[in-house]
Amino acid sequence: MRDLAPTQRDLSRLLRPRSVALWGGGWAENVILQLRKAGFPGDIWPVHPNRKEIAGVSCRPSLADLPAAPDAAFVGVNREASVEVVGALSAMGAGGAVCFASGFRETGDDAGADLQDRLVGAAGAMPILGPNCYGFLNALDGVALWPDQHGGARVARGVAIVTQSSNIAINMTMQRRGLPIAYVATAGNQAQTGLSEIAAGLLDDPRVTAIGLHIEGIDDVAGFERMAFRARELGKPVAA
């Protein structure tokens, strides 16, 4: 029988952070506004070399000026700068990052593919979502690493939705059915952490009652099997 021993990265700091760092002027401002809307209780550290504040929060000039390694980061800068920032976050022991920029392997050209390989190499063991994704919403703990509007609201328990498409994710949060949504996570290009691994990381939260997947491509068949077996062990349905 095939070895289905788990090789799951620890996504707990990324998905349930107590501190968040942000890169990118306008995009960072959008995320700060959504963090406030969600009622995020932790530390928010925007990083910008030229601005004194973003959305009323004092900026740190550089990564070296952060008081500690952040649990989660939103990297809203261009694709080349994203590689640099992700590498620095990994080196300082951050818990994970959302890579917002596009222009990686989805472009279909060699330059984009090379940059995506460099991004994954820079991340090392640190989990990253994306690139080319909006990030995630955690309605249980008031976390919104998310640069746009959405229809999410705080809940005590509920389903988790994982999708590659950020546009699909936004629309799912706007639905009017009486279904409590605990998490919405986007995988984007699945360069490192794919749909299956994100879903597996969400399953172990006891407040998650079921998993919904919007699949454009299965990232890892063995990983998908592990996730499905784990869901079955926990008695949590998976709708795909």
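Helices (H or I, at least four residues) and strands (E, at least two) are DSSP runs, numbered from the N terminus. Residues are numbered from 1 along each chain as its sequence is written. This is a predicted model, in which local features need pLDDT of at least 70 and side-chain atom pairs count only at pLDDT 80 or more, while totals for chains, interfaces and linings use all residues.

**View 1. Confidence along the chain.**
The predictor's confidence in each residue is its pLDDT, from 0 to 100. The protein averages 93. At least 70 is reached by 97% of the residues. Residues 1-6 fall below 50. Beyond near neighbours in sequence, this stretch has eight contacts in the model (contact: heavy atoms within 4.5 Å). Where pLDDT is low, the predicted coordinates should not be read in detail.

**View 2. Helices α3 and α4.**
Helix α3 covers residues 79-92, and helix α4 covers residues 110-123. They pack at an angle of about 15°, with axes 7 Å apart. Axes are lines fitted to C-alpha atoms, for helices over the stretch in contact, and angles run from 0 to 180 degrees between N-to-C directions. The pair is therefore roughly parallel (angles under 35 degrees). From α3, the residues R79, E80, S82, V83, V86, G87 and S90 take part. They meet G112, L115, R118, L119, A122 and A123 of α4. By class, this contact has six nonpolar, four polar and three charged residues. Ala, Val, Leu, Ile, Met, Phe, Trp, Tyr, Cys and Pro count as nonpolar, Asp, Glu, Lys and Arg as charged, and the others, Gly among them, as polar.

**View 3. The loop between β7 and β8.**
Strand β7 spans 128-129 and β8 spans 136-138. P131 sits in the loop between them. A cis peptide bond joins G130 to P131, with omega about 0°. G135 is also in the loop between β7 and β8. At 0% relative accessibility, G135 is buried (under 20% relative accessible area, 1.4 Å probe, protein chains only). Not counting residues up to four places away in sequence, G135 touches V98, L145, W146, V184, A185 and T186.

S165 lies in the loop between β10 (158-163) and α5 (166-173). S165 is buried, at 17% relative accessibility. Leaving out residues up to four places away in sequence, S165 touches T186, H214 and E216.

**View 4. Positive phi at A55 and Q190.**
A55 is not a glycine, yet its phi is positive, about 55°. A55 belongs to the loop between β3 (53-54) and β4 (57-58). Q190, not a glycine either, has a positive phi of about 55°. Q190 is placed in the loop between β11 (181-186) and α6 (195-203). A55 is buried at 16% relative accessibility, and Q190 is buried at 14%.

How values were computed
Heavy atoms only, no water. Parallel < 35°, antiparallel > 145°, perpendicular 65-115°, else oblique. Buried < 20%, exposed > 50% of the residue type's maximum accessible area, 1.4 Å probe, protein only.
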